[in-house]
Amino acid sequence: MSYRLLFDPQTEKFFKKYPRSESEKITKRLITLSQDPFAPYNNLTKLKETTTSYRMRVGNIRIIYALDTTSKTIYVAEIKPRSGSYKP
């Protein structure tokens with residue numbers, strides 16, 4: 001069973017700002033993630049000091065998201081290049 005994807009309004013800026021080829025890669029990976037969020041090939045890392053936040057790497061782009069298994073929802077909080085994704 002697939003998970004529902006929800007996006008932070010700030011993540012929409014990524015899709016407007018980056019080239020279409022990058023956006024398509026991200027979209028494909030998010031669809032794959034929604035189908036099976038715990039698949040070993042998703043290249044995921046659980047973030048420290050949180051219980052539901054993860055990071056997915058797609059080339060030089062980092063996707064920070066929260067996973068709610070009870071409601072089967074993935075909330076995409078950030079999509080940024082590696083250089084800016086870990087700064088507050």
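Author: Buried means under 20% relative accessible area, exposed means over 50%, and partly exposed is in between, with a 1.4 Å probe and protein chains only. Before we use that: this is a predicted model, where local features need pLDDT of at least 70, side-chain atom pairs count only at pLDDT 80 or more, and totals for chains, interfaces and linings use all residues. Residues are numbered from 1 along each chain as its sequence is written, and side-chain values use heavy atoms, with hydrogens and water left out.

Reader: What makes Arg20 exposed?

Author: Its relative accessible area is 68%. The cut-off for exposed is over 50%, so Arg20 gets that label.

Reader: Why is the pair Arg20 and Glu24 called a salt bridge?

Author: The term asks for a side-chain nitrogen of Lys or Arg within 4 Å of a carboxyl oxygen of Asp or Glu. In this pair the closest N and O atoms are 3.4 Å apart, so by that rule it's a salt bridge. Both residues sit in helix H2, 4 residues apart, which is about one turn of the helix. Glu24, at 40% relative accessibility, is partly exposed.

Reader: What makes Glu22 and Lys25 a salt bridge?

Author: Their N to O distance is 3.8 Å, and the limit is 4 Å. They are 3 residues apart in helix H2, so about one helical turn separates them. Glu22 is partly exposed at 24%, and so is Lys25 at 46%.

Reader: How many salt bridges does the structure hold?

Author: It holds 3. Another of them joins Lys80 and Glu78, at 3.6 Å from N to O. Lys80 is partly exposed, with 32% relative accessibility, and Glu78 is partly exposed too, with 26%.

Reader: Which residues line the largest pocket, and what makes it a pocket by the definition?

Author: On a 1 Å grid over the protein atoms alone, a cavity is a set of points where a 1.4 Å probe fits but cannot get out, while a pocket is an open set with protein on both sides within 12 Å along at least five of seven lines; lining residues have an atom within 4 Å of a point. Here the lining is Gln10, Thr11, Lys13, Phe14, Lys17, Tyr18, Ala77, Glu78, Ile79, Lys80 and Pro81. Helix H1 (11–17) and strand E5 (73–81) are the elements that give two or more residues to it, and E5 has the largest share, with 5 residues.

Reader: How do you get its volume, and which classes of residue make up the lining?

Author: Grid points are joined across faces, edges and corners, and a volume is the space filled by probe spheres set on the points. That gives about 150 Å³ for this pocket. As for classes, Ala, Val, Leu, Ile, Met, Phe, Trp, Tyr, Cys and Pro count as nonpolar, Asp, Glu, Lys and Arg as charged, and the others, Gly among them, as polar. The lining comes out as 5 nonpolar, 2 polar and 4 charged residues.

Reader: Why is Arg62 said to have no salt bridge?

Author: Lys and Arg count as positive and Asp and Glu as negative, while His and the chain ends are not counted. For Arg62, which is buried, the nearest side chain of opposite charge is Glu22, 9.4 Å away. The limit is 4 Å, so no salt bridge is assigned to Arg62. Arg62 is found in strand E4.

Reader: What polar atom lies 3.0 Å from the backbone oxygen of Gly59?

Author: It's one in the side chain of Arg62. A polar contact is a pair of N or O atoms within 3.5 Å; within protein, one must be able to donate a hydrogen and the other to accept it, and residues adjacent in sequence count only if both atoms are side-chain atoms. The side chains of Thr73 and Ser71 are joined by a polar contact of 3.1 Å.

Reader: Is Thr73 buried or exposed?

Author: Buried: its relative accessible area is 8%, and the cut-off is under 20%. Thr73 lies in strand E5.
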